[in-house]
Amino acid sequence: MFSAAKTIVVKIGSAILVDEKTQSLREDWLAALAADLAVLKDKRIVLVSSGAIALGRQRLKLFETSLSLPEKQACAAAGQSSLTRAYDDALGQHDLMTAQALLTLNDTENRRRWLNARSTLDTLLGLGAVPIINENDTVATDEIRYGDNDRLAARTAQMIGADLLILLSDIDGLYTADPRADTSAKHIPIITDLTEGIMAMGGAPNMAAGVGTGGMVTKLAAAKIATQAGCDMVICDGRSVGALSALGAGAKHSLFKAKSNPRKARAQWIGGTLKPSGALHIDSGALKALRKGSSLLPAGVTAISGTFEKGDAVSIMANGSEVARGLIAYDLLEADRIKGLKSTEILAALGYENGAAMIHRDNLVML
């Protein structure tokens with residue numbers, strides 16, 4: 001299950017992290033998760049975890065079934081520190097370093113913020129940290145909220161080019177109907193195509209537990225995001241202690257297969273989906289470097305046209321033809337000031353720098 005994956009995102013729902021009756025953290029479950037993650041130290045691991053609101057309700061003694069948005073945000077503020085500390089303590093027992101990242105919908109939909117978040121997560125993973133991601137419920141309002149961490153996990157997997165997304169849930173996969181209401185429902189172990197019929201199996205969000213906000217409908221939406229990004233997705237029952245190791249040993253689950261790998265899917269998105277907002281004209285030396293797989297450095301840029309912001313798609317032109325396309329790390333004014341300069345001269349020219357490359361090779365595709 002895990003051997004072929006280099007980057008894995010694990011989503012943990014409130015319903016399995018927090019005890020429904022006591023509204024307290026399941027410490028034995030979290031300790032077992034930490035032990036399972038220690039076995040995967042050679043992987044890049046990101047956790048997308050719910051639980052802040054549930055833990056905050058306990059701290060603030062708000063046990064009503066329904067909370068207003070301000071009350072949920074207050075609970076998130078009160079519970080997030082407890083959630084982060086719990087992960088830090090549990091993973092720290094295995095010498096795993098954690099780092100907190102709170103995101104909103106804008107951070108994964110707006111390309112400027114997307115680039116910033118991707119850069120931060122890549123840096124943390126490169127340093128061996130395990131990012132713990134949650135929606136920033138303290139500040140997010142309805143128009144900038146995901147509302148569930150299934151889709152946030154999928155967007156995170158898309159952002160960092162993950163190979164595998166695992167949704168630890170309260171059900172062991174996708175069924176033809178809700179098995180809790182229909183005893184004739186059949187489990188579907190492998191899904192290779194998200195047809196209309198498959199998507200219709202999602203039903204309505206599951207609010208029965210009074211803790212989570214998702215359900216199968218949000219998981220199928222996550223599957224569509226993940227598989228289109230070249231990332232396989234698994235839904236499995238995560239309630240038992242040691243659920244991740246059980247999955248690795250073959251526990252029952254549903255696997256949603258991607259049709260390509262993350263690199264190919266990303267290249268297709270940049271090269272064939274995004275409309276360029278401007279163009280960078282480069283010299284022959286830069287073109288030669290790009291063909292060898294290098295990033296586009298400012299020194300190779302001779303002219304700039306169009307209007308663009310940081311994170312926008314731009315064309316890369318050589319001898320009057322578009323040779324590549326990518327997401328630029330600087331806006332128009334910044335790019336114009338550093339074109340033709342060595343990377344070591346960016347800081348002096350701008351007073352700051354956002355990396356040595358004008359377009360990093362991970363955000364660039366040759367045409």
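A disulfide is counted here when a pair of cysteine sulfur atoms lies within 2.5 Å. With that cut-off in hand, welcome to this predicted model, in which local features need pLDDT of at least 70, side-chain atom pairs count only at pLDDT 80 or more, and totals for chains, interfaces and linings use all residues. Residues are numbered from 1 along each chain as its sequence is written, and side-chain values use heavy atoms, with hydrogens and water left out. Let's look at the cysteines, then the salt bridges, the sheet and the helices.

**Cysteines**

- The structure holds zero disulfides.
- Cys231 takes part in no disulfide, and the nearest cysteine sulfur, that of Cys236, is 14 Å away.
- Cys231 is buried at 1% relative accessibility; here buried means under 20% relative accessible area, exposed means over 50%, and partly exposed is in between (1.4 Å probe, protein chains only).
- Cys236 is buried as well, with a relative accessible area of 2%.

**Salt bridges**

- The structure holds 14 salt bridges, each being a side-chain nitrogen of Lys or Arg within 4 Å of a carboxyl oxygen of Asp or Glu.
- One of them joins Asp150 to Lys11, with the closest N and O atoms 3.1 Å apart.
- This pair links distant parts of the chain, since Asp150 sits in helix H7 (residues 149-160) and Lys11 in strand E1 (residues 7-12), 139 residues apart.
- Helices (H or I, at least four residues) and strands (E, at least two) are DSSP runs, numbered from the N terminus.
- Asp150 is buried, with a relative accessible area of 0%, and Lys11 is buried too, at 8%.
- Asp107 forms a salt bridge with Arg113, their closest N and O atoms being 3.9 Å apart.
- In that pair, Asp107 is buried at 15% relative accessible area, whereas Arg113 is partly exposed at 40%.
- Arg239 and Asp237 meet through their side chains in a salt bridge of 2.7 Å, N to O.
- Arg239 is partly exposed at 39% relative accessible area, and Asp237 is partly exposed at 26%.
- Elsewhere, salt bridges that share partners join Arg44, Arg118, Asp122 and Asp362 into one network.

**A five-stranded sheet**

- Five strands form an open sheet in the order E12-E11-E13-E14-E15, with mixed pairing; two strands pair if DSSP finds at least two bridges between them.
- Which strands are at the edges? They are strand E12 (301-306) and strand E15 (364-366), each of which pairs on one side only.
- From one strand to the next, the twist averages 25 degrees.
- Axes are lines fitted to C-alpha atoms, for helices over the stretch in contact, and angles run from 0 to 180 degrees between N-to-C directions.
- Strand E14 (residues 321-327) pairs with E15 in the antiparallel sense over three bridges, and Arg325 stands opposite Val365 in E15.
- Helix H11 (residues 262-273) packs on the sheet, touching E14 and E15, and its direction makes about 120 degrees with that of E14; contact means heavy atoms within 4.5 Å.
- Helix H12 (residues 284-291) lies across strand E11 (278-282), strand E13 (313-318), E14 and E15, running at about 105 degrees to E11.

- Asn363 lies in the loop between helix H14 (346-350) and E15.
- Is Asn363 buried or exposed? At 8% relative accessibility, Asn363 is buried.
- Leaving aside neighbours within four places in sequence, the contacts of Asn363 include Trp114, Arg118, Arg266 and Arg325.

**Helices**

- The axes of helix H6 (residues 111-126) and H7 come within 9 Å and cross at roughly 75 degrees.
- That makes H6 roughly perpendicular to H7; angles of 65 to 115 degrees count as roughly perpendicular, under 35 as roughly parallel, over 145 as roughly antiparallel and the rest as oblique.
- Trp114, Ala117, Arg118, Leu121 and Leu125 in H6 meet Thr156, Met159 and Ile160 in H7.
- In helix H3 (residues 52-60), the buried residues are Ala52, Ala54, Leu55, Gly56 and Arg57, and they pack against helix H4 (69-92) and strand E4 (130-135).
- Just after H3, Lys61 takes a positive phi of about 60 degrees.
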